[in-house]
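Look at the sequence and the structure before reading on.

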Amino acid sequence: LKCVTGDIEISDAGADDPVTASTVSGNVLVRGLRARTVQLTSVSGNIHIEDAQVERLMVKTVQGNLDYAGDLARSGRYEFNSHSGDIRLVLSGNTGFEVLANTFSGMVRSDFTFNRGRAGAEGAGAQGPRTLRGAVGDASAMVALRAFSGNISLARLATLAASGHCAGAVLKWIGLCPGALVRPTWVVEQAPRPAAEAGFWP
């Protein structure tokens with residue numbers, strides 16, 4: 001699928017062949033997609049992915065934000081790249097994963113507890129204001145997040161709900177919280193306390 005100025009939406013679809021969608025100035029919305037390989041790109045639009053069952057996911061935008069909400073596939077590979085937009089992941093389920101996240105001038109935030117990496121790997125995990133490297137659980141999935149001036153956030157869906165994030169703020173993503181808006185607006189509003197104190201979102 002290719003588009004110049006319009007939006008692209010893929011909902012509740014399945015595909016055996018690789019799925020590719022690209023747009024120049026439009027947004028890309030993917031929800032309920034089942035596919036082995038998916039590649040999504042946009043120059044100035046936002047990309048939102050929800051409840052996708054994908055083994056290999058490559059997402060890239062220059063000026064837009066990247067939002068991913070859902071579980072990871074065991075042995076899955078996920079790559080998110082943004083130049084000036086933010087990258088936000090809200091993960092459900094218990095799939096273990098190894099992560100490498102870095103941003104040049106933005107911030108990296110996470111509410112996961114990381115160990116030193118894939119089983120048998122040497123060296124400890126690293127976490128700083130602009131870099132994150134480590135593993136959760138069995139590290140069966142691989143997640144790479146790269147931004148230049150954008151922020152990177154990783155959060156557990158269960159933690160957001162337990163902290164009152166869903167009750168106290170409007171997550172403008174479909175299905176993340178009971179009573180969420182019917183359609184996404186590509187922005188996560190800054191949460192009031194106590195969720196803001198947890199440091200999940202910029």
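Is Leu33 buried or exposed in this predicted model? Leu33 has a relative accessible area of 2%. Because buried means under 20%, Leu33 counts as buried.

Leu33 sits in the loop between β5 (28-31) and β6 (34-42). Gly14 is 19 residues away from Leu33 in sequence, yet their C-alpha atoms are 5.8 Å apart. Beyond its neighbours within four places in sequence, Leu33 is in contact with several residues, among them Ile10, Ala13, Val19, Val38 and Val54.

Ser42 belongs to strand β6. Ser42 is also buried, with a relative accessible area of 5%.

| Backbone atom | Distance to the Ser42 side chain |
|---|---|
| Oxygen of Gly26 | 3.1 Å |
| Nitrogen of Gly45 | 2.9 Å |

Strands of a sheet pair through backbone hydrogen bonds, either parallel or antiparallel. Here, seven strands make up an open sheet with parallel pairing, in the order β2-β5-β7-β9-β11-β17-β13. At its edges are β2 (8-11) and β13 (108-110), each of which pairs on one side only. From one strand to the next, the twist averages 5 degrees.

Ala69 has Val90 in β11 as its bridge partner.

Note on methods. Residues numbered from 1 in each chain as written. Predicted model: local features only at pLDDT ≥ 70, side-chain atom pairs only at ≥ 80, totals over all residues. Heavy atoms only, no water. Pairing = 2+ DSSP bridges. Helix = DSSP H or I, 4+ residues; strand = E, 2+ residues; numbered from the N terminus. Axes fitted to C-alpha atoms, helices over the stretch in contact; angles between N-to-C directions. Buried < 20%, exposed > 50% of the residue type's maximum accessible area, 1.4 Å probe, protein only. Contact = heavy atoms within 4.5 Å. Polar contact = N/O pair within 3.5 Å; in protein donor to acceptor, adjacent residues only side chain to side chain.
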